[in-house]
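Subject: Structure for your review

Hello,

Here is the structure I promised to send over. Please look at it alongside the notes that follow.

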Amino acid sequence: MNKVTYTIRSSRQLAGDIFEVILEGDTSAITMPGQFVNLDLPGFFLRRPISICDWDESTVKLLVKIAGKGTDMLVHLKSGVELDTLSGLGNGFDFTLAGEHPILVGGGIGIAPIYGLARRMKAAGITPLVALGFRSAKDAFYLEEFKALGCELLVATEDGSMGMKGFVTDLVKSRPERDYILTCGPLPMLKALHALPQLTDGQFSFEARMGCGFGACVGCTIPTKDGYKRVCKDGPILYKEEIVW
Amino acid sequence: MVNLSVNLAGVELKNPIIPASGTFGFGREYAELYDINILGSFSWKGTTADMRLGNPQPRIAEMAGGMLNAVGLQNPGIDAVIRDEVPNIAKIFSGPVIANIGGFSLEEYAENCRKLNDVEQVGIIEVNISCPNVHAGGKNFGSDPALAAQVTEAVKKATNKPVFMKLTPNVTDIAAIAKACEDAGADGVCLINTLLGMRINLNTKKPLIANRTGGVSGPAVFPVAVRMVWDVYEAVKIPIIGCGGVSSAEDVAEMMLAGATAVEVGAANLKDPYACKTIIENLPAVCERLGVANISELTGGAHK
């Protein structure tokens with residue numbers, strides 16, 4: 001982790017209440033896809049922990065869903081606004097543990113870290129199989145970006161307006177040879193995926209309301225088979241065998 | 001050259017800045033970020049006799065000018081703290097540490113103090129009396145002068161170390177509680193703990209925190225804390241650790257002028273992990289502006 005100043009470079013609407021925000025600054029503390037930044041927004045006491053979608057030497061890309069006043073402010077900040085940021089928080093996905101046949105699964109705004117993960121797997125010579133789930137075609141975003149990476153892409157929508165009608169669990173079941181999952185999305189989705197018998201192991205990204213984001217306040221701890229863990233510091237990625245619901 | 005040292009009931013601190021219990025863990029996370037030896041001391045995470053898992057999620061909520069928490073005294077228990085954390089504290093911090101303890105009975109408080117009596121690096125025991133008394137129908141020890149005095153007597157019998165009682169602001173007359181602690185032998189008092197609060201989630205129409213209520217902290221409570229330190233300073237002679245919403249070196253000076261000998265910094269650490277470092281760096285300039293060569297001269301200055 002380091003404490004840095006990020007400057008807003010752009011914000012564009014991807015769908016409904018989903019935006020892509022690009023920040024510029026020191027990214028040296030970011031080492032793994034699935035880590036997050038904790039942004040100090042003007043007028044708010046607590047920082048906003050937001051998953052990193054992708055990064056390079058000098059920019060960070062975030063996908064932000066408006067969930068309240070803070071995220072509403074964030075996506076509408078003008079280019080040039082500077083944000084005090086705790087960068088490179090959390091443990092991140094480790095695809096080197098994922099074996100030969102992983103599947104990457106993102107649900108809704110949870111697809112954010114899946115993109116950065118897929119790009120790094122591709123760079124390492126692996127063609128990732130990516131399954132994305134949305135409520136409806138009008139809520140879908142980032143499909144072109146995933147295709148541009150050269151991923152094999154599966155899509156499901158709850159209303160069937162795009163891709164398979166159903167849930168990401170149906171997409172995973174359609175590929176029974178896939179025995180390792182790397183995933184981020186809403187809790188009910190994670191729980192349903194966790195229960196799929198075809199998975200021998202996997203990495204699941206959790207979210208929680210956080211106080212500090214760096215492990216000090218234990219505001220975000222959840223029970224695991226190995227005792228209580230801090231979502232911010234010991235996570236946000238937990239491994240299949242340690243998760244309890 | 002400003003002298004920042006203060007004396008808390010016989011314990012010398014190089015400066016009055018102490019990260020508050022519950023915002024600094026056992027020092028590990030901050031020691032990764034900066035040399036925590038610059039601190040006067042730190043108050044470790046509230047420790048009870050047995051391990052406590054704490055409250056269900058969510059435990060944290062936000063508000064204008066601060067936050068609410070209902071962590072619920074999650075801690076590994078006193079034996080694990082002495083076994084696993086104390087040796088690590090010795091590696092990352094050379095000064096006296098403040099051991100914050102909780103308890104649900106007089107015997108639990110006393111037993112925790114007995115176990116800490118031989119832990120050399122513990123300079124002060126800070127006794128959180130905001131826990132409900134399991135033997136008195138759940139009434140908080142800290143909300144009744146007679147109960148607060150009973151805890152004070154019990155812990156004083158159990159340890160030779162200086163004992164500071166950490167007081168809750170959720171009372172009608174905090175000065176009366178402080179006086180009862182002083183009369184029962186307390187070496188000092190620390191105030192304020194968090195103010196009881198609640199937020200309601202408009203989507204679910206239910207309390208936002210799973211525990212329903214949470215403790216309010218952050219800059220919004222600062223004037224409440226200053227007022228209470230002022231009131232307690234008028235009522236007792238023992239030293240006061242001022243705590244509540246402190247975010248800057250100026251806030252530290254204000255808290256000391258109200259009557260504090262040392263100052264704890266809480267929620268500010270969660271927002272900015274370097275908050276205490278920045279405050280310590282800014283203290284000499286604030287002292288110079290106020291015309292004091294020794295920061296300890298500020299204590300109680302507003303009462304003169």
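Which residue is the bridge partner of A:L129 in β10(A)? The partner is A:E152. Before going further, please keep in mind that this is a predicted model.

Sheets in chain A

The pair A:L129 and A:E152 belongs to a run of six bridges between β9 (residues 129-134) and β10 (residues 152-157) of chain A, two strands that run parallel. Both strands sit in an open sheet of seven, ordered β11-β10-β9-β8-β12-β13-β16 in chain A, and the pairing in that sheet is mixed. At its edges are β11 (164-165) and β16 (237-239) of chain A, each of which pairs on one side only. As background, strands of a sheet pair through backbone hydrogen bonds, and they do so either parallel or antiparallel.

Helix α5 (residues 187-194) of chain A lies across β8, β12 and β13 (201-205) of chain A, and its angle to β12(A) is about 175 degrees.

Chain A also has a hairpin, in which two residues connect β14(A) to β15(A). Strand β14 (residues 221-224) of chain A runs antiparallel to β15(A), with four bridges between them. In that pairing, A:I222 has A:K229 of β15(A) as its bridge partner.

Sheet in chain B

In chain B there is an open sheet of four strands in the order β4-β5-β13-β10, with antiparallel pairing. Strands β4 and β10 of chain B are the edges, each pairing on one side only. From one strand to the next the twist averages 35 degrees. Three bridges hold β10(B) to β13 (residues 214-217) of chain B, and in that strand B:G214 stands opposite B:G197.

Interface

How many residues of chain B are in contact with chain A? There are 32, and they touch 25 residues of chain A. The two chains bury about 2,300 Å² between them, with 60% of that on carbon and sulfur atoms. On the chain B side, B:I60, B:E62 and B:K271 lose the most area to chain A, together 29% of what that side buries.

Five salt bridges are found across the interface of chain B and chain A. One of them joins the side chains of B:E32 and A:K233, at 3.0 Å from N to O. Between chain B and chain A, 14 residue pairs are in polar contact. The elements of chain B that each supply at least two residues to the side touching chain A are α1 (28-31), β4 (60-63), β5 (66-69) and α8 (267-271). By type, the residues on that side of chain B are 16 nonpolar, nine polar and seven charged.

Backbone points to check

- A:G235 and A:P236 are joined by a cis peptide bond, omega about 10 degrees. A:P236 is in the loop between β15 (227-230) and β16 of chain A.
- The peptide bond from B:L191 to B:I192 is also cis, with omega near 15 degrees. B:I192 lies in the loop between β9 (188-191) and β10 (195-197) of chain B.
- A:Y142 is not a glycine, yet its phi is positive, about 70 degrees. A:Y142 is in the loop between β9 and α3 (143-149) of chain A.

Regards

How values were computed: Residues are numbered from 1 along each chain as its sequence is written. Chains are lettered from A and ligands numbered from 1 in the order in which they are written. This is a predicted model: local features need pLDDT of at least 70, side-chain atom pairs count only at pLDDT 80 or more; totals for chains, interfaces and linings use all residues. Side-chain values use heavy atoms; hydrogens and water are left out. Two strands pair if DSSP finds at least two bridges between them. Contact means heavy atoms within 4.5 Å. Axes are lines fitted to C-alpha atoms, for helices over the stretch in contact, and angles run from 0 to 180 degrees between N-to-C directions. Buried area is the accessible area (1.4 Å probe) that two parts lose on being put together, summed over both. A salt bridge is a side-chain nitrogen of Lys or Arg within 4 Å of a carboxyl oxygen of Asp or Glu. A polar contact is a pair of N or O atoms within 3.5 Å; within protein, one must be able to donate a hydrogen and the other to accept it, and residues adjacent in sequence count only if both atoms are side-chain atoms. Ala, Val, Leu, Ile, Met, Phe, Trp, Tyr, Cys and Pro count as nonpolar, Asp, Glu, Lys and Arg as charged, and the others, Gly among them, as polar.
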